[in-house]
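Dear colleague,

Please find the structure below, passed on for your study. A written account of the findings comes after it.

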Amino acid sequence: MRVPKAAPVRSDINVTPLVDVVLVLLIIFMVVTPMLQKGPAVKLPVTVNPPKKPDEKNQILVAIEDDREIWIDKEKMPEAAFAPKIREAYERSSSSTVVIKGDARLNYGEVKKAMLAVKEAGFTSVGLIVEKRQAP
Amino acid sequence: MSMQVGEGGGLNSDINVTPLVDVVLVLLIIFMVIVPLSQMGYDIEIPRESITTVPPEQTEKQVILAVSEVDCAIAQPIGAAGLPPGCRVRINKEECLATDLTTRMGEIFGNRKKSDKILFLAAEEKLNYEGIVRILDLAKTGAGEDLKVGIVTDERLATVR
């Protein structure tokens with residue numbers, strides 16, 4: 001029986017599976033990244049070198065939107081309802097840390113008002129969440 | 001009845017590294033994506049009482065950073081342009097260009113004990129939030145990450161000269 005002549009040996013790395021995996025990942029992250037921001041999508045202020053503010057387990061996220069609607073974690077409320085709600089949150093877990101995600105277009109006064117309400121509730125410290133400016 | 005074993009192409013005793021490489025690359029990419037997304041921000045202390053008057057014996061240590069619209073016009077959203085040129089702030093009533101703020105903060109807080117590194121921020125309420133945070137960033141860059149920042153409740157301290 002005549003053995004067919006084998007094709008010449010190819011010593012190249014087969015990159016096809018690699019490319020497959022990378023492409024799949026690329027697509028997964030393209031889909032997931034916009035969802036990673038917690039709470040509503042606010043346009044965060046951008047600064048040059050913000051310190052890291054590790055996301056703690058029992059952190060209370062306060063987000064203030066451009067239209068002055070305030071969110072506590074996943075609950076949306078008008079400005080007036082914020083103070084009693086945050087007091088309630090303090091009573092529930094006084095050891096939590098509070099972080100504020102304020103929209104960059106807000107006035108300082110709006111954010112300050114929220115910070116003071118957080119203080120009135122009993123918390124002693126609050127974090128202001130920002131975005132790091134990507135190197136040009 | 002014996003089954004004929006095929007040639008087998010020679011026994012291959014190498015470890016198959018392809019799945020390993022797959023997993024490692026996946027992890028690498030996951031971490032590359034996650035790290036810049038980690039949450040960043042500034043801690044603000046909110047004292048129990050508002051600071052309305054500065055006790056005389058504390059005036060030397062206490063540092064109040066005042067931002068007013070007259071000195072720094074950031075009443076509109078500043079966007080990508082950043083702080084306007086010529087933006088000034090006042091450190092204990094002493095005028096300072098925002099561009100010099102980092103150096104000035106380094107001078108003031110450079111050799112202070114950690115417990116004395118407290119900056120009080122007094123800003124006019126109508127100013128843009130992002131502008132204030134940018135100024136805060138400059139101050140924190142100069143003074144170091146252990147700088148504590150407190151907010152002054154009384155808005156009038158922002159415009160006092």
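This is a predicted model: local features need pLDDT of at least 70, side-chain atom pairs count only at pLDDT 80 or more; totals for chains, interfaces and linings use all residues.

Residues are numbered from 1 along each chain as its sequence is written, and chains are lettered from A and ligands numbered from 1 in the order in which they are written.

Chain A contains three helices and six strands; helices (H or I, at least four residues) and strands (E, at least two) are DSSP runs, numbered from the N terminus. Read from the N terminus, the elements of chain A follow the order α-β-β-β-β-α-β-α-β. Chain B also holds three helices and six strands, and its elements run α-β-β-β-β-α-β-α-β from the N terminus.

Of the 136 residues of chain A, 27% are buried, and of the 161 residues of chain B, 32% are buried. A residue is buried if 20 or more other C-beta atoms lie within 10 Å of its own, exposed if 12 or fewer, and partly exposed in between, with C-beta atoms placed from the backbone. Two residues are in contact if their C-beta atoms, placed in that way, lie within 7 Å. Among contacts between residues at least 6 apart in sequence, 73% in chain A join residues at least 24 apart; the corresponding value in chain B is 77%.

Helix α3 of chain A covers residues 108-121, which is 14 residues. From its first C-alpha to its last, α3(A) reaches 20 Å, close to the 20 Å expected at 1.5 Å a residue; the expected span is 1.5 Å times one less than the number of residues. The buried residues of α3(A) include A:Val111, A:Ala114, A:Met115 and A:Val118. Just after α3(A), A:Gly122 has a positive phi of about 130 degrees.

How do α2 and α3 of chain A pack, and at what angle? Helix α2(A), residues 82-92, packs with α3(A) at about 40 degrees, and their axes are 8 Å apart. Axes are lines fitted to C-alpha atoms, for helices over the stretch in contact, and angles run from 0 to 180 degrees between N-to-C directions. The pair is therefore oblique, since angles under 35 degrees count as roughly parallel, over 145 as roughly antiparallel, 65 to 115 as roughly perpendicular and the rest as oblique. On the side of α2(A), the contact is made by A:Phe82, A:Ala83, A:Ile86, A:Arg87 and A:Tyr90; α3(A) brings A:Ala114, A:Ala117, A:Val118, A:Glu120 and A:Ala121.

Two residues other than glycine have positive phi values: A:Arg68, near 70 degrees, and A:Asp73, near 50 degrees. A:Arg68 lies in the loop between β2 (59-64) and β3 (70-72) of chain A and is partly exposed, with 15 other C-beta atoms within 10 Å. A:Asp73 sits in the loop between β3 and β4 (75-77) of chain A and is exposed, with 12 other C-beta atoms within 10 Å.

Finally, the contact between the chains takes 36 residues from chain A and 32 residues from chain B. In chain B, the elements giving two or more residues to this side are α1 (18-37), β1 (40-45) and α3 (129-143).

Yours sincerely
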